[in-house]
Amino acid sequence: MSKDNPHQNLAIIGHVDHGKSTLVGRLLYETGSVPEHVIEQHREEAEEKGKGGFEFAYVMDNLAEERERGVTIDIAHQEFDTDEYDFTIVDTPGHRDFVKNMITGASQADHAVLVVAADDGVAPQTQEHVFLARTLGIDELIVAVNKMDIVDYSEETYREVVDEVTQLLKQVQFDTEDASFIPVSAFEGDNVAEHSENTDWYDGEILLEALNNLPEPQPPTDAPLRVPIQDVYTISGIGTVPVGRIETGIMNVGDSVSFQPSDVSGEVKTIEMHHEEVPRADPGDNIGFNVRGLGKDDIRRGDVCGPADDPPSVAETFQAQIVVMQHPSVITAGYTPVFHAHTAQVACTIESIDRKMDPSSGEVAEENPDFIQSGDAAVVTIRPQKPLSIEPSSEIPELGSFAIRDMGQTIAAGKVLEVHERE
């Protein structure tokens with residue numbers, strides 16, 4: 001990766017059969033991010049099966065399969081560089097942990113590419129993912145109208161899909177001014193890395209140009225300091241060293257900090273980054289730091305560190321907007337799954353279902369419904385079973401979203417609307 005380019009997290013969303021993995025493969029291929037030998041190996045395999053030319057889609061399909069089987073995959077497969085940015089592709093939906101990954105910690109996406117197949121248009125998952133992207137605060141959307149080769153590069157078909165998607169975006173209050181539409185064929189490579197002769201009617205940006213022109217994410221330095229703690233170490237000669245990634249704000253040596261919900265505080269003695277002592281650290285920095293007078297048992301993973309005079313809030317209850325992605329039956333008041341928020345994992349009870357929203361419009365569909373189920377969006381009141389530090393999404397988005405997991409899968413995703421702090 002080039003050291004000079006700013007970094008972007010990119011989500012690739014859309015319906016499962018609309019060609020996401022092929023598009024990811026094509027992007028990695030065109031930016032030289034898949035090692036040649038990997039392509040070669042798949043080229044041979046593809047040709048044996050009479051699918052010559054499809055090697056990079058193969059690369060991606062195999063990676064997807066390996067991922068499904070839980071084989072860890074070299075992260076390099078999910079990074080690519082353009083002239084302007086170093087991109088990391090955060091797991092696309094369809095992978096079971098997409099939502100959890102997208103919501104918790106370092107993989108929050110800044111922007112998204114929505115893949116919509118030209119021959120199919122808006123599918124149910126398209127709608128769900130757009131709503132999810134909107135709920136999770138993704139600002140800019142690049143819409144890749146894929147599989148143009150299948151519809152003979154028809155401008156008319158492309159326009160129809162653009163209209164359909166524009167309607168969907170308007171429904172969920174996505175600013176359609178911030179969406180760019182591009183006719184592509186991930187399979188053939190049209191309009192991904194170079195302008196295609198097959199779409200001479202299209203004179204807009206191609207995909208790599210659109211990615212280069214995304215606005216740079218602004219680091220949240222002016223928000224109050226928030227560092228979710230990942231681990232706590234004892235290091236000889238130094239003492240207790242909490243480790244975490246600064247989500248917002250700035251930490252300086254000499255700052256008075258507070259850890260919540262453990263409710264201990266002290267003064268920052270040293271900050272270490274990449275095995276070097278530094279006087280200060282910024283958003284995105286992974287740091288270890290030592291706080292005067294703090295013992296190893298005083299704090300734990302899931303705590304959040306913030307300024308002593310503006311400590312992280314601890315929820316007695318909180319109200320949140322959630323989207324239910326998958327649940328075998330229905331969710332009613334009293335349901336107690338595990339909430340994953342930043343580095344914390346806490347069982348929480350859904351105390352009441354306050355209102356059901358219409359995911360396509362964001363309007364209230366029903367007050368105090370008896371239950372919600374897959375595909376529903378709702379506002380709910382939640383009571384953590386043990387103390388949890390969490391913030392309203394409108395104030396500190398980085399600490400305002402969570403995933404709900406149960407039975408080994410992500411059931412729902414949500415963002416915090418308001419926190420009722422413990423006394």
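Tutor: Let us begin with Ser389, which lies in strand β23, a strand made of residues 388-389. Please keep in mind throughout that this is a predicted model.

Student: Why is Ser389 called buried?

Tutor: The relative accessibility of Ser389 is 1%, and a residue counts as buried when that value is under 20%, so Ser389 belongs in the buried class.

Student: Which residues is Ser389 in contact with, once its neighbours within four places in sequence are left aside?

Tutor: They are Gln260, Pro261, Val304, Pro312, Ser313, Val314 and His342, where contact means that heavy atoms lie within 4.5 Å.

Student: What makes α1 mostly covered?

Tutor: Eight of the 11 residues of α1 are buried, namely Lys20, Thr22, Leu23, Val24, Gly25, Arg26, Leu27 and Leu28. After the helix comes Gly32, whose phi is positive, near 70°.

Student: How many aromatic pairs does the structure hold?

Tutor: The structure holds eight aromatic pairs, and one of them joins Phe318 and Phe339.

Student: Why is the pair of Phe318 and Phe339 called edge-to-face?

Tutor: The ring centres of Phe318 and Phe339 are 6.3 Å apart, and the limit for a pair is 6.5 Å; their planes stand at 85°, and an angle over 60 degrees counts as edge-to-face, so that is the name given to this pair.

Student: What does the pair of Phe318 and Phe339 tie together?

Tutor: Phe318 lies in strand β16 (residues 314-324) and Phe339 in strand β18 (residues 338-341), so the pair ties together parts that are 21 residues apart in sequence. Phe318 is buried, with a relative accessible area of 0%, and Phe339 is buried as well, at 2%.

Student: What makes the aromatic pair of Phe339 and Phe402 tilted?

Tutor: The planes of Phe339 and Phe402 are 35° apart, with 5.2 Å from centre to centre; planes under 30 degrees apart would count as stacked and those over 60 as edge-to-face, and the rest count as tilted. Phe402 lies in strand β24 (residues 401-406) and Phe339 in β18, so this pair ties together parts that are 63 residues apart in sequence. Both Phe339 and Phe402 are buried.

Student: How do you know that strand β6 is largely enclosed by the rest of the structure?

Tutor: Four of the five residues of β6 (residues 179-183) are buried, so the strand is described in that way. Strand β5, residues 140-146, pairs with β6 in the parallel sense over five bridges, and Ala144 stands opposite Ile182 in β6.

Student: How do you know that β7 and β8 pair?

Tutor: Six bridges join strand β7 (residues 227-235) to β8, and the two run antiparallel, while the requirement for pairing is at least two bridges. Val232, for example, has Pro242 in β8 as its bridge partner. The hairpin of β7 and β8 has three residues between the strands, and Gly237 takes a positive phi there, near 85°.

How values were computed
Residues are numbered from 1 along each chain as its sequence is written. This is a predicted model: local features need pLDDT of at least 70, side-chain atom pairs count only at pLDDT 80 or more; totals for chains, interfaces and linings use all residues. Side-chain values use heavy atoms; hydrogens and water are left out. Buried means under 20% relative accessible area, exposed over 50%, partly exposed in between (1.4 Å probe, protein chains only). Rings of Phe, Tyr and Trp (its six-membered ring) pair if their centres lie within 6.5 Å; planes under 30 degrees apart count as stacked, over 60 as edge-to-face and the rest as tilted.
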